Amino acid sequence: MASGFFAILDDIAALMDDVAVTSKIATQKTAGILGDDLAVNAEKATGFLSSREIPVLMKIMKGSFLNKLIIVPFVFLLEWLYSPAITVILIIGGFYLAFEGVEKIVEFLFHRKKKGVEVIEEATEVSEDGEALEKAKIKSAITTDFILSLEIVIIALAAAKSGYESLKSEFNPLLVEIVTVSIVAIIATVGVYGIVALIVRMDDAGYKLIKKSKSETGFLATLGNFLIKALPWVIKGLAVVGTLALLLVSGGIFDHNIDYLHHLLPNVPEMAKQFLYGIVAGLIVVLLVTAYKKMFGKKTSH
């Protein structure tokens with residue numbers, strides 16, 4: 001009886017050794033997309049009242065976990081039923097990410113400066129309907145996270161497959177792949193949103209350091225003031241990096257999954273090519289959405 005128990009433990013240890021190897025390969029392969037995921041989600045998790053930042057972030061993180069609970073079994077099922085469908089879904093998601101990125105650029109370039117009265121009216125609307133706006137932003141963040149999570153899971157699965165081939169494993173490849181992808185999905189969620197939480201609470205950490213400091217010129221006070229002053233710049237930087245990440249991720253999806261685009265412009269650096277693809281795809285969707293709104297949007301009565 002005891003020998004059977006220890007044999008099970010030995011099998012589990014051997015399985016985890018195999019998973020450790022494939023997980024290392026998978027995390028290395030997904031490192032780039034995880035960096036983009038961090039930039040995008042950090043930008044989307046800002047812009048709320050200080051008291052709402054952590055509750056909002058927890059809601060987005062909960063949505064991210066739910067996304068991965070849906071995506072992981074869905075991807076394995078689709079891989080078994082009809083694997084080319086994964087590529088189609090990825091490309092559709094790429095258009096969504098490209099649209100989000102280009103929409104931000106268009107809004108920044110052509111956003112009309114509001115007059116004083118308009119600012120006051122908008123502020124009144126925000127205060128009156130703050131809960132609805134918060135829910136809308138959370139929904140947008142979770143939707144974007146879904147596309148990025150899908151990309152992470154698919155890349156992790158491909159890496160797990162290639163990693164398994166290099167092993168002399170006695171275990172079923174499907175078992176190793178499922179455990180590997182699940183671990184990467186958990187690391188992606190906890191790691192990304194943990195870092196985002198640290199970023200959005202930089203100012204609170206700064207205030208606490210200032211309070212602990214015995215003098216206004218001490219090391220803790222200097223560090224605290226730096227964190228407080230740096231936060232607005234970090235948020236602005238994240239807005240830029242997040243937008244670039246959306247375009248690069250979308251362009252990367254097109255580049256890696258559409259053979260014609262992959263071999264197009266061979267002399268252009270890969271990152272520049274992917275950025276170009278993201279911009280073009282985003283512009284196409286923005287134009288289509290704008291045309292649709294003008295044709296079928298509700299007409300305002302005067």
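Let me start with helix 7 (residues 202-212) and helix 8, whose axes come within 7 Å and cross at roughly 165°. An axis here is a line fitted to C-alpha atoms, for helices over the stretch in contact, and the angle runs from 0 to 180 degrees between N-to-C directions. Helix 7 and helix 8 are therefore roughly antiparallel to each other. The cut-offs for that word are these: under 35 degrees is roughly parallel, over 145 roughly antiparallel, 65 to 115 roughly perpendicular, and the rest oblique. Helix 7 passes helix 8 in a left-handed crossing. Left-handed means that the near helix is turned anticlockwise from the far one by less than a right angle, and right-handed means clockwise. On the helix 7 side, the residues making the contact include Met-202, Ala-205, Leu-209 and Lys-212. On the helix 8 side they include Leu-220, Leu-223, Leu-227 and Val-234. Contact means heavy atoms within 4.5 Å.

A word on the source. This is a predicted model, in which local features need pLDDT of at least 70 and side-chain atom pairs count only at pLDDT 80 or more, while totals for chains, interfaces and linings use all residues. Residues are numbered from 1 along each chain as its sequence is written, and side-chain values use heavy atoms, with hydrogens and water left out.

Now the whole chain. How many helices and strands does the secondary structure come to? It comes to 10 helices and zero strands. Both kinds of element are DSSP runs numbered from the N terminus: helices are H or I with at least four residues, strands are E with at least two. Buried residues make up 38% of the 302 residues in the chain. Buried is under 20% relative accessible area, exposed is over 50%, and partly exposed is in between, with a 1.4 Å probe and protein chains only. Of the contacts between residues at least 6 apart in sequence, 79% join residues at least 24 apart.

Next, aromatic rings. A pair of rings is described by the distance of the centres and the angle of the planes. Rings of Phe, Tyr and Trp (its six-membered ring) pair if their centres lie within 6.5 Å; planes under 30 degrees apart count as stacked, over 60 as edge-to-face, and the rest as tilted. A search of the whole structure finds two aromatic pairs. In one, the rings of Phe-95 and Phe-254 have centres 4.9 Å apart and planes at 55°, so the pair is tilted. This pair links distant parts of the chain, 159 residues apart, with Phe-95 in helix 3 (residues 84-110) and Phe-254 in helix 8 (residues 219-257).

Tyr-292 and Phe-296 are both exposed.

One more ring. The charged end of Lys-236 sits over the ring of Trp-233, 5.0 Å from its centre. That takes NZ of Lys or CZ of Arg within 6 Å of the ring centre and within 35 degrees of the ring normal.

Glu-79 is in helix 2 (residues 50-82) and is partly exposed, at 31%. Leaving out residues up to four places away in sequence, Glu-79 touches Ile-86, Leu-157 and Lys-161. Glu-103 lies in helix 3 and counts as partly exposed, at 36% relative accessibility. Leu-265 has a positive phi of about 50°, although it is not a glycine.
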